[in-house]
Amino acid sequence: MRVLLSGGAGFIGSHLCDLLLKKGFEVVACDNFITGKPSNISHIRNNPSFKFVEQDISNPFNVDGDLDYVMNFASPASPIDYLKIPMETLRVGSFGTYNMLEIAKQKKAVFLMASTSEVYGDPLLHPQNEEYWGNVNTIGPRAVYDEAKRFSEALTMSYHREYGLDTKIVRIFNTYGTRMRLNDGRVVPNFVYQALNNIPLTIYGDGKQTRSFCYVDDLIEGIFKLLTSDINTPVNIGNPHEMTILEFAEIIRKMTGSKSEIVFEGLPQDDPKKRQPDIAKAKQYLNWEPKIKIEDGLARTIAWFQFNQVPEGQELTEKGIMQALKEVEDPEIGLSIVDMELIKNIEIIKHEKGALVKVKMTLTTPNCPMMGYIVKSVKDKIETIGGVTSADVEIVF
Ligand code: UDP
């Protein structure tokens, strides 16, 4: 079985790559690293059943060979991200979905669309079942994501009806776990990062809004069951265990033993007040329900964040940055970019909220096939250093 997976270097996409490889699939993953990370797939890069293509799916592209499945997981998914890059979010949720559907049609492959609980907007029905049409502000800031996903669902169902394509739609509710980006702005990385560093936990609004958090391993099992099922209508996959954001903050504080206080900040526009999946359909037709308790999932997530973040408070120096970059390798040559003397110039510009790091990197040819991968790896590495808010990487030939 051979599968094309877009968003393969993302949080959920990379976990799906692992699961599909484990199940014996051949995986062709693509990503443009706009929010995905090379480090999420570095452990499988040399697996002979795994192939990676750097590709923005919003532009048309081809894939060699047969495909049995096409899975569309490419999109910014954190509210902070899609507000920062609204055009890219709209493009991937429209042109991107169209391009992936065209490939599925051409290859006669089963198509699976990663949709979202955001299609329900700020729901008036609770919990949300798949029959509910939602309550979305079509012109609000979140609409770039919500409406793009709703359009993707409409397009997917049209390919099913018009061309008889075997399509699936999964509506993914809040998911957490290893490989979430430390700075993606979502509540799980924010609270865990803040708690581990004993800085105030930022609750938006009064904290009475609710969410239901599903551990990523449970989620991808559900997605796999849907992929191999005969269900063509949307299915909610998520954990129905609902809690307020305030309760969630308390759990994180307790589990990390943190001394962080709680501070209240403004609520983002159109932030849904309640969210809980009705998973009766997944239970009945896929025989799926989540198994991992929030304490167990969070224990794994917190351990991962502890290991993957550089603690705050260390003096930020050129030498420290060089040291961190030693771990970044050219994937083709297998040598550290520092040992290959590609890093030429590091500038640290300190601001009140954290430093901007500018790096000049030499590459011998503008056609270096892994250029995007290497640049993104450098940027990611620098941005996990405590005290850094962002990194600029300039290529010099
Ligand atoms: N939130 C918060 N503090 C943060 C980040 C998020 O209180 O530092 C709230 C946010 O306003 C929302 C909930 O936590 O009500 C979940 O936010 P997230 O961005 O994780 O995803 P959403 O479910 O809104 O897509």
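Reader: Where is the place of Pro-127?

Author: This is a predicted model. In it, Pro-127 sits in the loop that runs between strand S5 (110-116) and helix H4 (143-163).

Reader: Is the peptide bond from His-126 to Pro-127 cis or trans?

Author: The bond joining His-126 to Pro-127 is cis, and its omega is near -15 degrees.

Reader: Which residue has a positive phi although it is not a glycine?

Author: That residue is Arg-179, with a phi of about 75 degrees. Look for Arg-179 in the loop between strand S7 (175-176) and H5.

Reader: Next, the helices. How are two packed helices described?

Author: Two values are used: the angle between the axes of the helices and the distance between those axes. Here, take helix H7 (residues 245-256) and helix H9 (residues 294-308): their axes come within 11 Å and cross at roughly 60 degrees.

Reader: Is the crossing of H7 and H9 left-handed or right-handed?

Author: H7 and H9 make a right-handed crossing.

Reader: Which residues of H7 and H9 meet?

Author: From H7 come Ile-251, Met-255 and Thr-256; from H9 come Ile-294, Glu-295, Leu-298, Ala-299 and Ile-302. Sorted by class, this contact of H7 with H9 holds six nonpolar residues, one polar and one charged.

Reader: Now the ligand. How many residues surround the ligand, and which are the closest?

Author: The ligand is surrounded by 14 residues, and the closest are Arg-186, Val-187, Asn-190, Thr-202 and Tyr-204. Two elements each give two or more residues to this shell: helix H5 (187-196) and strand S8 (201-204). S8 supplies the largest share, three residues.

Reader: How do the residues of the shell around the ligand divide by class?

Author: Six of the shell residues are nonpolar, five are polar and three are charged.

Reader: Last, the whole chain. What does the domain assignment of the protein chain give?

Author: Domain 1 is assigned in pieces, 2-175 + 213-239 + 276-292, and domain 2 covers 318-396. Taken over C-alpha atoms, the centres of domain 1 and domain 2 are separated by 30 Å.

Reader: How many residues of domain 1 and domain 2 are in contact?

Author: Six residues of domain 1 contact six residues of domain 2. On the domain 1 side of that contact, two residues are nonpolar, one is polar and three are charged.

Key. Residues are numbered from 1 along each chain as its sequence is written. This is a predicted model: local features need pLDDT of at least 70, side-chain atom pairs count only at pLDDT 80 or more; totals for chains, interfaces and linings use all residues. Axes are lines fitted to C-alpha atoms, for helices over the stretch in contact, and angles run from 0 to 180 degrees between N-to-C directions. Helices (H or I, at least four residues) and strands (E, at least two) are DSSP runs, numbered from the N terminus. A crossing is left-handed if the near helix is turned anticlockwise from the far one by less than a right angle, and right-handed if clockwise. Two residues are in contact if their C-beta atoms, placed from the backbone, lie within 7 Å. Ala, Val, Leu, Ile, Met, Phe, Trp, Tyr, Cys and Pro count as nonpolar, Asp, Glu, Lys and Arg as charged, and the others, Gly among them, as polar. A residue is near a molecule or strand if its C-beta atom, placed from the backbone, lies within 6 Å of it. Domain bounds come from an automatic or database domain assignment.
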